[in-house]
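Subject: Structure handover

Hello,

Here is the structure I promised to pass on. My notes on it follow below.

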Protein chains: 4
Amino acid sequence: MNLKDRYLNTRKLTESICSHLQTEDYVVQPVVDVSPPKWHLGHTTWFFETFILKPYFMGYQEYNSEFNYVFNSYYETVGNRVIRTDRGNLSRPTVADIYRYREYVDEAMLNFLCEEPSADIKELLVLGFNHEEQHQELLLTDIKYILGHNPLFPAYNKNHPAHKIEETTTGFVTMPEGIYEIGFEGNGFCFDNELNRHKVYLNNYEISANLVSTAEYLEFIEADGYHDFRYWHAEGWDWVKNNKVEAPLYWHLIDGEWHHYTYAGLQPLKLNEPVCHISYFEACAYAAWKGMRLPTEFEWEAAADKFNWGSRWEWTESAYLPYPGFTKAAGAIGEYNGKFMVNQMVLRGASEVTSPGHSRKTYRNFFQTNLRWQFTGIRLAK
Amino acid sequence: MNLKDRYLNTRKLTESICSHLQTEDYVVQPVVDVSPPKWHLGHTTWFFETFILKPYFMGYQEYNSEFNYVFNSYYETVGNRVIRTDRGNLSRPTVADIYRYREYVDEAMLNFLCEEPSADIKELLVLGFNHEEQHQELLLTDIKYILGHNPLFPAYNKNHPAHKIEETTTGFVTMPEGIYEIGFEGNGFCFDNELNRHKVYLNNYEISANLVSTAEYLEFIEADGYHDFRYWHAEGWDWVKNNKVEAPLYWHLIDGEWHHYTYAGLQPLKLNEPVCHISYFEACAYAAWKGMRLPTEFEWEAAADKFNWGSRWEWTESAYLPYPGFTKAAGAIGEYNGKFMVNQMVLRGASEVTSPGHSRKTYRNFFQTNLRWQFTGIRLAK
Amino acid sequence: MNLKDRYLNTRKLTESICSHLQTEDYVVQPVVDVSPPKWHLGHTTWFFETFILKPYFMGYQEYNSEFNYVFNSYYETVGNRVIRTDRGNLSRPTVADIYRYREYVDEAMLNFLCEEPSADIKELLVLGFNHEEQHQELLLTDIKYILGHNPLFPAYNKNHPAHKIEETTTGFVTMPEGIYEIGFEGNGFCFDNELNRHKVYLNNYEISANLVSTAEYLEFIEADGYHDFRYWHAEGWDWVKNNKVEAPLYWHLIDGEWHHYTYAGLQPLKLNEPVCHISYFEACAYAAWKGMRLPTEFEWEAAADKFNWGSRWEWTESAYLPYPGFTKAAGAIGEYNGKFMVNQMVLRGASEVTSPGHSRKTYRNFFQTNLRWQFTGIRLAK
Amino acid sequence: MNLKDRYLNTRKLTESICSHLQTEDYVVQPVVDVSPPKWHLGHTTWFFETFILKPYFMGYQEYNSEFNYVFNSYYETVGNRVIRTDRGNLSRPTVADIYRYREYVDEAMLNFLCEEPSADIKELLVLGFNHEEQHQELLLTDIKYILGHNPLFPAYNKNHPAHKIEETTTGFVTMPEGIYEIGFEGNGFCFDNELNRHKVYLNNYEISANLVSTAEYLEFIEADGYHDFRYWHAEGWDWVKNNKVEAPLYWHLIDGEWHHYTYAGLQPLKLNEPVCHISYFEACAYAAWKGMRLPTEFEWEAAADKFNWGSRWEWTESAYLPYPGFTKAAGAIGEYNGKFMVNQMVLRGASEVTSPGHSRKTYRNFFQTNLRWQFTGIRLAK
């Protein structure tokens, strides 16, 4: 696909995700980890404006210099920014303003792409596409949070198709002890955190061919797993007690029947689906209760060709840390990944709301141990 | 004016206040004391539905039973409610939904008012009108906060007329020692907190004919009043330091010139206007710096016929407490005032955004000592 | 009594209060409102050193200049101070160090008092005595908190005499409408907040001859008063729910029997004692449940000769505010009372741990509405 | 050494550490991570009583059943416990009480050890010795915090010997790519977190033969490293700004000269000492500024025989996670390590206050990324 088409497709997909929203849905930020959809629309646009158009498109006229302040996410290099907790306090720029901003930048980008850009700029463009794809997924997870925490439980889309469940194979994949190569190689795009490819030594291990299902997780709940400290990290146990956690996010016990909020509204749990929207603490506690553990990210990657993955981000027992030889790019782009490499855990796989083609088996996603608003699940190892 | 007209006028004024808003402006809640405009629109409607239509209009069909949860403000008697800090997290019901709710209730109310209601119901109606007038003022002050704390400083209405300044008389009104009657009397409407009319004994006192002006308050700032603990309550001093307060709310020092945010956008300070948007702590500190004090609410009321008032709510040195013989109504209506009679101070007067005819010289407004988003000013006494 | 004897008696009483303590008891600060006993010992000494010896005793050598920082309570005029929440973090100066400091200052004071001081200094001395008497009461209430919140519930003094209960008269004192004089007059000592004496106009009222007893308060608990929002201020209701308050401070339900912690250890409740250790919120809720109210401080003072008082500080329905004509002294002494006149309520009377002769009928004590560690009780009015 | 002697030596060392303390020093807890010394004395005693005497010494009479509540640290299996933030609020049991408790338990233990215990019990005993050695180090670090945060800066011991500085070699040790064995092997004691010994694959790396010195770290400060976000993790940058961090813990700039608090009191910095009392965030920022990184715990262990270590705990770039095949013991002993394996980083080495013989090259210490009260330093790798 040429760059223009790739650009257009990426931008349109973002907007199509928002096509089900009411204006008001674009505005709110019910918790700090969720951003208002209009912010995502503006921020992804600001990214192309700031890193491509302003430095490289001669004569480009910035749309509105104040937007730098409003739509910068965390790039300290590029000036001040609205602090994250305040994003939901901003009624302006309006949704219509932001769509106008998108149009303006899109038009400039298409003009810019009339000439073949240099290799360096192409690299930045592809980073921009991948960046916007990440925000497409965040848009969907943030929208789910916004609507799923509204007391009226409005559907995002009443006809949202049910997630296709993978064929369930069973049992464990057995992997032999030895040296494995980990990390990205090849010509395609990858993030800096997937490099460098390097050797790791793994002991014998077994890794489940399947994700833990909702039915299996219900057994843990029914066995009172949320009230037995033995399965929990000390910090996880505090989290359970302080937040009175009793079930995955979006679960509601209504007249004795478990329901969960979905894009199509409140629905009865589907028992054969992979369990979803759980924290690292819950994933570990479940594994401990089963007498097993989570795989490391290396074990996961080494075995990834032997099982189906992609329906859920999977917590691993690996902290998010640099690979040997990891280096940050100079300037603002170098803030992309490295500065988050502390106190987060790696997730592997992809989820039903990951943009098509975005993930790969070397992809390293990462979140804090208490977060649940992503589509996060459990694969066991032993 | 007949009840139908009074009802319609009140309802229309509320909506006309919102006519300058973008949809997004209706949604956000930048601090806990501010409510989203759409919440005010729904809550005032819920008030008529809950206290008039549901109990007294035979055959009335509730619009949406879930709205009770969403639009109840603080009435514990009438069921659960969205906690105040969460109002700005709700994208639904949408603004259009709420206008439909208003229409539905208005139509029912007009039908209901085709017959002359009983005296009891009339009393409730008049309470509903006064309640909605209070929310009209809150709408305006909340809108100012929402737009005035947006980094783009959008105007509410570029042509918003400047506030007419009262003729400035000068000097102090002298009042003789003796017994004064305080509290409402007459046939018109008053809130329960203005009753009962009772005698108080006042010493000789003098009360300023004018409010403190912006120019006068600037002298306090320039004399470093915000950095001299001697003028402050201990609690006020903590508030100044913890919040790094250096000037009234909405003031911005831009290139060495003081500006303030107004409904028409950022503008240079007008030095002859009464100073506005200050806390009780600041009012007391200013008075102490001048070697004077604030009047009590009784001193204010006893002298209120002798000076112009109405351009600013005026902090008094009286805590908000019940008058002798105060009694609460039974049921939810009894929650209107009494339960707030602790740790708040009385303000007297009215402001430029108080609804016409809403206030009177016996009117008791009240806020916590640190709040500044209302149009609050200073009248000195000695 | 001559000044030397008065000085010595006051200082000795403070030390005798501490005679039951272990060294460790002098050190801790389990909540911010409680100060470590060793801090009280040092602070009262610092008061005489700072306000008498250093300015007025020629040739006086300061004991340790760093103590100014450690033992200043809230006097901003006299330099920096350890913030209140940190007092319990200081192991040094040790208890023995502080007793040496007391000895040193006492010796200097006795030398100083060999000559008759000027009237101004006498006034400061008497303020120092009254200041130390206030800290004697705080010492006792703070010690009760320290030991009463220790899981071992150690007695302060196993033989601590039970509080003598006042003769119970019954019924209400009726007071006629009219003008009453309020505030201190005479030659003795009073605090600045008791001045000036001034007239107030009171309606007819009745005020109970007795304090509410433990037995009466138990009826409120058993009638589920702590779970019925109708009796509570909105802020009080939040306080009850957030702190899960179910009974007065120091009460413990042990095997179905109510006990309370006393200076002699845990003991069964005495039903005929005045109820004690309740907040303003609880006092108001109880009164509302009885269909009555608390008296104002003026009603209390006007009737104070007609009932027994002194066994408990009594919450009034008066905010702590300046009397007409109130003025603060210049300098640090002026920080004694005025700067606390916001968001606190007045208590009248005295308690079983008030130092002998310290209180009087014009005395104005004051605390925040949520505090309970003082001996606070309820007198009803209607 | 026989078990009795080992027991006695361990117990005496603990008490000798406290021999420099005043009674008051045993009581306070200035921050949550620091425990009062008296708590350490009680808790180490409770450990032997709870895990040895009560289950295995026939006829043993528990000293005081309430001490279980007071001295349990975090073992959920063994009942309730005083929450960690409250340890400094307890004046009782007194220091003398706790020494009596130690005597009582010591006497029982010596009687118990008259007979040769079973292998299982021996294992528990050795765990108890190692446990008490860990608390000896914590005692010293907690005492430093308690005295070093007192405004009087009292010395722990005026004659405390200066820490002997290691001979400074220079340069980097070069390590070849390949498989290394990591984890404890042999017959001696190790903690469960050092098992199992397993293979890891390491790339070529270089690791500094020396720790970063105070002089070198000063260059980072002088180069404004604390004000340049580029060197910091995002979370570290927030930490720096929120806590206004400008230097290592215990450093004070006095009249333009850097000093630090030591066991002998405030002293000028020694430039040739390893820098100490820094957080993981600071260690990483320094390494980033030098264009290097921290070693992983595997790199450290693989090279540990090639450099001197032991003067400082050294932050590694490894999260504290289980080794392959890690299993927790059943019951309370299983709570020793596993439940802390989240959101902490591994430190290797030992410090000047680590008990003699306590550490080894496979030893895994661990702390949260913001903590600084331990003797923590930096070794660079590349």
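Which residues of chain A does the UniProt annotation "domain: DinB-like" cover? The record, an unreviewed entry, gives residues 9-135 of chain A. UniProt positions are in the numbering used here, feature names are shortened, and annotations may be inferred rather than shown by experiment. The end C-alpha atoms of that span lie 14 Å apart. The span is 54% helix and 0% strand. Helices (H or I, at least four residues) and strands (E, at least two) are DSSP runs, numbered from the N terminus.

Two notes on conventions. This is a predicted model, in which local features need pLDDT of at least 70, side-chain atom pairs count only at pLDDT 80 or more, and totals for chains, interfaces and linings use all residues. Residues are numbered from 1 along each chain as its sequence is written, chains are lettered from A and ligands numbered from 1 in the order in which they are written, and side-chain values use heavy atoms, with hydrogens and water left out.

Domains of chain A

Chain A divides into domain 1 (3-148) and domain 2 (172-377); the bounds come from an automatic or database domain assignment. Their C-alpha centres are 27 Å apart. Each domain puts 27 residues into the contact (heavy atoms within 4.5 Å). The buried area is about 2500 Å², with 62% from carbon and sulfur atoms. Buried area here is the accessible area (1.4 Å probe) that two parts lose on being put together, summed over both. A:Tyr74, A:Glu137 and A:Lys144 supply 28% of what domain 1 of chain A buries against domain 2 of chain A, more than any other three residues.

On the domain 1 side, helix 2 (37-56) and helix 5 (119-148) of chain A give two or more residues each. Helix 5 of chain A has the largest share, 17 residues.

Chains C and B

Chain C and chain B each give 35 residues to their contact. The area buried between them is about 2600 Å², 58% of it from carbon and sulfur atoms. The count is 0 salt bridges and 8 residue pairs in polar contact (both at pLDDT 80 or more).

Best wishes

Notes:
A salt bridge is a side-chain nitrogen of Lys or Arg within 4 Å of a carboxyl oxygen of Asp or Glu. A polar contact is a pair of N or O atoms within 3.5 Å; within protein, one must be able to donate a hydrogen and the other to accept it, and residues adjacent in sequence count only if both atoms are side-chain atoms.
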